[in-house]
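The following note comments on a structure in numbered points. Please read each point with the sequence and the 3D view at hand.

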Amino acid sequence: MDMAAQRAKAPRDSGARQRLTAADWADAALAAMGEGGLAAVAVEPLAARLGATKGSFYWHFSNRDALIEAALERWEEIGTEAVITEVAAEPDPGRRLRRLLLMAANRSAADPREVSLLASAAHPRVAAALARVTARRLGYVAALFTELGFPEDEARHRGLLAYTAFLGHTQLGHAVPQSLPDGAARDRYLDGVIETLVRP
């Protein structure tokens, strides 16, 4: 679980109440989405979780849809852009790809948000966010395969295969976790997936 999710889960200390920011509300909404889907994003329970009043919510957001949009933007930021930034320091594209896939698999195993958002794909705001995130992720992974020397069409194909493998792994990890290897065996399995993806 990332720091934003930890902050959102922890109730505020009413003895030392701080002014909440829009990001605090968005983090709390995102945590709620992971726990109970889009239906769990409701102002009163979130206010209770944050130790705040509904007035604090309306200071930052005009309505629930605006909060959902802010939460989805936070998900894009921490679940895609921050991950890409973190792996970008690795100069070797093969090691960068391995690090990216291992990091994504490890984070998604501990965090149900990815699965929850996929289950809410019929909602127009979620669908738009999923489309943006998917395009960004596919583009980034395809670029890694291009750096590895694959032609552009093949790089896109392998990027799509890598991303669908990640999503399938994520879904299975939350639905039937005992079906996947654990610990060191899990790392060996993911290494095998990566090796298959980069094989000429």
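**Notes on the predicted chain**

1. Leu138 lies in helix H8; helices (H or I, at least four residues) and strands (E, at least two) are DSSP runs, numbered from the N terminus. Leu138 has a relative accessible area of 24% and is therefore partly exposed, a class that lies between buried (under 20% relative accessible area) and exposed (over 50%), with a 1.4 Å probe and protein chains only. Leaving aside residues up to four places away in sequence, Leu138 touches Gly159, Leu160 and Tyr163; contact means heavy atoms within 4.5 Å. Arg64 is 74 residues from Leu138 along the chain, and their C-alpha atoms are separated by 30 Å.

2. This is a predicted model, in which local features need pLDDT of at least 70 and side-chain atom pairs count only at pLDDT 80 or more, while totals for chains, interfaces and linings use all residues. Residues are numbered from 1 along each chain as its sequence is written, and side-chain values use heavy atoms, with hydrogens and water left out.

3. How confident is the prediction, in terms of the mean pLDDT of the chain? The mean is 89, and 91% of the residues reach 70 or more; pLDDT is the predictor's confidence in each residue, from 0 to 100. Where pLDDT is low, the predicted coordinates should not be read in detail.

4. The secondary structure of the chain consists of 10 helices and 0 strands. The C-alpha trace spans about 60 × 35 × 35 Å along its principal axes. Of the 200 residues in the chain, 42% are buried. Among contacts between residues at least 6 apart in sequence, 67% join residues at least 24 apart.

5. H8, the helix of Leu138, packs with helix H9 (residues 152-175) at an angle of about 125°, their axes being 8 Å apart. Axes are lines fitted to C-alpha atoms, for helices over the stretch in contact, and angles run from 0 to 180 degrees between N-to-C directions. H8 and H9 are therefore oblique to each other; angles under 35 degrees count as roughly parallel, over 145 as roughly antiparallel, 65 to 115 as roughly perpendicular and the rest as oblique. The crossing of H8 and H9 is right-handed; a crossing is right-handed if the near helix is turned clockwise from the far one by less than a right angle, and left-handed if anticlockwise. On the H8 side the contact includes Val133, Leu138 and Phe145, and on the H9 side Gly159, Leu160 and Tyr163 are among the residues. By class, this contact of H8 with H9 has 10 nonpolar, 3 polar and 3 charged residues. Ala, Val, Leu, Ile, Met, Phe, Trp, Tyr, Cys and Pro count as nonpolar, Asp, Glu, Lys and Arg as charged, and the others, Gly among them, as polar.

6. How do helix H2 (residues 22-36) and helix H5 (residues 64-87) pack? Their axes are 8 Å apart, at an angle of about 85°, which makes H2 roughly perpendicular to H5. Trp25, Leu30 and Met33 are among the H2 residues in the contact, and H5 contributes residues including Leu67, Trp75 and Ile78. The residues of the contact of H2 with H5 comprise 12 nonpolar, no polar and 2 charged.

7. The axes of helix H6 (residues 93-110) and helix H10 (residues 183-198) come within 10 Å and cross at roughly 135°, so H6 is oblique to H10. This crossing of H6 and H10 is right-handed. Among the residues that meet are Leu97, Leu101 and Ala105 in H6, and Leu190, Ile194 and Val198 in H10. The contact of H6 with H10 divides into 9 nonpolar, 1 polar and 4 charged residues.

8. Two loop residues complete the note. Thr53 is in the loop between helix H3 (43-50) and helix H4 (54-60), and its relative accessible area of 46% makes Thr53 partly exposed. Thr53 touches Trp25 and Ala47, not counting residues up to four places away in sequence. Asp92 is in the loop between H5 and H6 and counts as partly exposed, at 28% relative accessibility. The C-alpha atoms of Asp92 and Leu148 are separated by 8.9 Å, although these residues are 56 apart along the chain.
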